[in-house]
Amino acid sequence: MKRLLFLLLGVLLLGTGGLGGAAMFGYGPLAPLFGTEKKKQEPPPPPPEPKARAVTIGTFVIPVIQNHSISRQIGLDVELKVDPAQNEKVSRELTRVHNEFLLRLYELVPRHSDAHSAIDRQAIHDELLKIANDIYGGGVVRDVVIKSIYDR
């Protein structure tokens with residue numbers, strides 16, 4: 001009789017220990033009592049978009065000619081924000097982009113030569129972005145950053 005009592009007591013202890021352990025880990029019918037029920041796992045958020053890589057194009061110094069002489073010079077520091085997956089394509093055409101920017105800036109800067117005007121800065125930005133997208137195609141260049149415009 002003692003053996004049977006110890007056997008039942010052992011099974012009872014193991015059963016309650018198993019139920020308590022399962023409830024503590026969020027499984028079983030007693031899990032809501034402990035507040036540890038397993039929540040349905042939500043899908044992970046989509047990975048963040050890779051950051052754009054900054055490619056410095058260079059410093060451009062454009063003379064502004066008035067009355068047959070150079071009245072002042074406008075300096076621009078320009079960099080591109082590009083898709084990191086397109087590194088090879090960007091580096092191949094970097095010289096061409098620099099040349100196209102320089103040619104277009106010689107046309108733009110005399111008309112938009114106020115270094116403190118946001119409208120002039122935006123006009124130059126839009127034109128340079130258009131040139132970069134024409135050369136590389138859509139989706140490669142995310143933005144053209146004019147780091148500074150200054151009079152010299």
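## Salt bridges

A network of salt bridges links Glu-79, Lys-81 and Lys-147; a salt bridge is a side-chain nitrogen of Lys or Arg within 4 Å of a carboxyl oxygen of Asp or Glu. The model is predicted, so local features need pLDDT of at least 70 and side-chain atom pairs count only at pLDDT 80 or more, while totals for chains, interfaces and linings use all residues. Residues are numbered from 1 along each chain as its sequence is written, and side-chain values use heavy atoms, with hydrogens and water left out.

By this rule the count comes to seven salt bridges. One of them pairs Arg-72 with Asp-151, with the closest N and O atoms 3.2 Å apart. This pair links distant parts of the chain, Arg-72 lying in strand E2 and Asp-151 in strand E3, 79 residues apart. Helices (H or I, at least four residues) and strands (E, at least two) are DSSP runs, numbered from the N terminus. Arg-72 is partly exposed, with a relative accessible area of 26%, and Asp-151 counts as partly exposed at 41%. Here buried means under 20% relative accessible area, exposed over 50%, and partly exposed in between (1.4 Å probe, protein chains only).

Glu-93 forms a salt bridge with Arg-96, the closest N and O atoms being 3.6 Å apart. Glu-93 is partly exposed at 25%, as is Arg-96 at 43%. The side chains of Glu-107 and Arg-104 also meet in a salt bridge, at 2.3 Å from N to O. Because Glu-107 and Arg-104 are three residues apart in helix H4, about one helical turn separates them. Glu-107 has 46% relative accessibility and therefore counts as partly exposed.

## Packing of helices H4 and H5

Helix H4 (residues 94-108) and helix H5 (residues 118-136) pack at an angle of about 145°, with their axes 10 Å apart. Axes are lines fitted to C-alpha atoms, for helices over the stretch in contact, and angles run from 0 to 180 degrees between N-to-C directions. The crossing of H4 and H5 is right-handed. The contact (heavy atoms within 4.5 Å) includes Val-97, Phe-101, Arg-104 and Leu-108 of H4, and Glu-127, Ile-131, Ala-132 and Tyr-136 of H5. By class, the contact of H4 with H5 has eleven nonpolar, no polar and four charged residues. Ala, Val, Leu, Ile, Met, Phe, Trp, Tyr, Cys and Pro count as nonpolar, Asp, Glu, Lys and Arg as charged, and the others, Gly among them, as polar.

Glu-127 is found in helix H5. At 19% relative accessibility, Glu-127 counts as buried. Not counting residues up to four places away in sequence, Glu-127 touches Arg-104 and Leu-108.

## The largest nonpolar core

Of the 28 residues in the largest nonpolar core, Leu-76, Leu-80 and Phe-101 touch the most other members. Such a core is a set of buried Ala, Val, Leu, Ile, Met, Phe, Trp, Tyr and Cys residues joined through side-chain atoms within 4.5 Å. Strand E1 (53-66), strand E2 (69-82), H4, H5 and strand E3 (141-151) each give two or more residues to this core. H5 supplies the largest share of the core, seven residues.

Beyond residues up to four places away in sequence, the contacts of Leu-80 include Val-55, Ile-57, Val-97, Phe-101, Ala-132, Tyr-136 and Val-144.

## Thr-56 in strand E1

Thr-56 is found in strand E1 and counts as partly exposed at 48% relative accessibility. Leaving out residues up to four places away in sequence, Thr-56 touches Val-78, Glu-79 and Lys-147.

Notes
A crossing is left-handed if the near helix is turned anticlockwise from the far one by less than a right angle, and right-handed if clockwise.
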